[in-house]
Amino acid sequence: MGKYILDSHVDLGYSLFMNAPNTLQEAIVYFADPDRAFEYAKRFRWPDGNVVCPRCGKAKHSFIKTRRVWFCYECKKQFSLKLGTVFEDSALGLDKWMTGFWMLVNCKNGVSSCELARTLGITQKAAWFMLQRLRLVLQEKSFVKLGGPGSEVEVDETFIGGKARNMHKAQRERLMSEAGMQGGHGKAVVVGMLERGGKVRAQVIPNRKKYSMEPALRAHVDAGSVLMTDEFDVYKWVSSEYVHKIVNHLERYVDGTVHTNGIENFWSLLKRQLHGTYISVEPFHLFRYVDEQAFRFNTRKDDFGNKISDGARFTDALSRIGGHRLTYAQLTGKNQSPRHESTGTGTAPEPF
């Protein structure tokens with residue numbers, strides 16, 4: 001196995017194993033050893049090496065080696081490596097979790113639950129639940145806005161939905177009678193913002209009206225930035241807070257340095273993922289798939305423009321596993337039922 005080099009954007013505060021994997025084949029072999037997979041994940045769960053109980057936060061405990069769990073002397077309960085992470089309450093071993101995580105973050109067009117189920121030897125339902133939990137980890141939680149005075153940010157929106165030619169005749173006729181199949185009627189709307197030389201942010205919004213677009217732009221783009229947009233009327237208001245430059249797509253797609261080709265590239269990758277790999281995505285879950293593609297897009301290169309290896313992208317994603325919990329009831333909306341009773345270990349700890 002090749003020597004692992006930690007990229008500059010991953011600051012974990014310690015040295016990883018020198019023979020950590022850099023390819024999928026190496027990852028499968030590496031994580032097939034339960035002890036090695038456990039020690040590897042442990043380094044990310046507690047980066048400083050100080051194991052603490054996720055429930056009470058105390059470090060007074062004993063380790064039960066045969067079961068790979070700790071017994072906390074303060075709260076008198078056992079806890080495992082998975083407790084307080086996205087892996088919590090999962091019967092699947094770390095070898096399957098690690099391999100599935102590797103495939104999700106490194107496959108350019110994503111990986112379907114059917115493919116992952118065949119690869120790992122688990123059911124499609126378990127694979128789907130695994131992927132949705134891992135997508136929660138990939139969501140961008142940074143409060144740092146894009147752009148700034150003088151920085152250029154491309155802004156555009158796109159529609160996500162089925163094509164008219166693929167619809168049943170009755171459904172196609174109904175939509176044409178309602179809105180003439182114009183303006184993305186019946187489709188989900190995603191707005192994207194790409195800082196040139198920086199990161200992309202994408203958010204699912206209810207529609208393309210000003211009251212939906214304005215909060216999204218203000219939440220993700222710093223005032224004073226140079227915004228590049230098309231001729232859509234909803235962007236007229238941005239001139240009061242941003243330097244607004246417009247390219248009219250009815251005339252041309254590039255006007256000097258004014259264009260939205262960067263964010264259009266992201267839309268191309270997103271739709272190739274949705275149409276080619278996942279085929280059918282419910283609007284309720286669409287934001288998870290958008291966040292997944294945004295993570296891969298943002299981890300293609302480091303701050304110095306160097307290509308990020310698959311191994312480094314994986315460690316970046318794995319460093320976020322703490323403080324996340326997604327139950328099947330929450331994922332499917334069953335927790336909204338009056339008959340549902342919440343179970344589990346309580347509130348997850350803060351991300352480390």
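This is a predicted model: local features need pLDDT of at least 70, side-chain atom pairs count only at pLDDT 80 or more; totals for chains, interfaces and linings use all residues.
How closely do the axes of α3 and helix α5 approach, and at what angle do they cross?

1. Residues are numbered from 1 along each chain as its sequence is written, and side-chain values use heavy atoms, with hydrogens and water left out.

2. The protein has eleven helices and eight strands, where helices (H or I, at least four residues) and strands (E, at least two) are DSSP runs numbered from the N terminus. Of its 352 residues, 45% count as buried; buried means under 20% relative accessible area, exposed means over 50%, and partly exposed lies in between, with a 1.4 Å probe and protein chains only. Among the contacts (heavy atoms within 4.5 Å) with a separation of 6 or more, 61% come from residues 24 or more positions apart.

3. Helix α1 covers residues 24–31, and its residues Glu-26, Ala-27, Tyr-30 and Phe-31 are buried. They cover an arc of only 110 degrees around the axis, which puts them on the same side of α1; the arc is that of the directions from the helix axis to the C-beta atoms. As background, an α-helix has 3.6 residues a turn, so residues three or four places apart point the same way. The buried residues of α1 pack against α2 (34–45), α3 (94–106) and α10 (310–318).

4. Pro-21 sits in the segment before α1, and with 2% relative accessibility Pro-21 counts as buried.

5. To return to the opening question, the axes of α3 and helix α5 (residues 124–138) come within 10 Å and cross at roughly 60 degrees. Axes are lines fitted to C-alpha atoms, for helices over the stretch in contact, and angles run from 0 to 180 degrees between N-to-C directions. The two helices α3 and α5 are therefore oblique to each other, given that angles under 35 degrees count as roughly parallel, over 145 as roughly antiparallel, 65 to 115 as roughly perpendicular and the rest as oblique. The contact includes Trp-97, Phe-101 and Leu-104 of α3 and Met-130, Leu-134 and Leu-138 of α5, and its residues divide into nine nonpolar, one polar and three charged. Here Ala, Val, Leu, Ile, Met, Phe, Trp, Tyr, Cys and Pro count as nonpolar, Asp, Glu, Lys and Arg as charged, and the others, Gly among them, as polar.

6. α3 also packs with α10, at an angle of about 115 degrees and with the axes 9 Å apart, which makes α3 roughly perpendicular to α10. Among the residues that meet are Phe-101, Trp-102 and Val-105 in α3 and Gly-311, Phe-314 and Leu-318 in α10. The residues of this contact of α3 with α10 divide into seven nonpolar, two polar and two charged.

7. Asp-89, in the loop between β3 (78–80) and α3, is not a glycine and yet has a positive phi of about 60 degrees, while at 57% relative accessibility Asp-89 counts as exposed.
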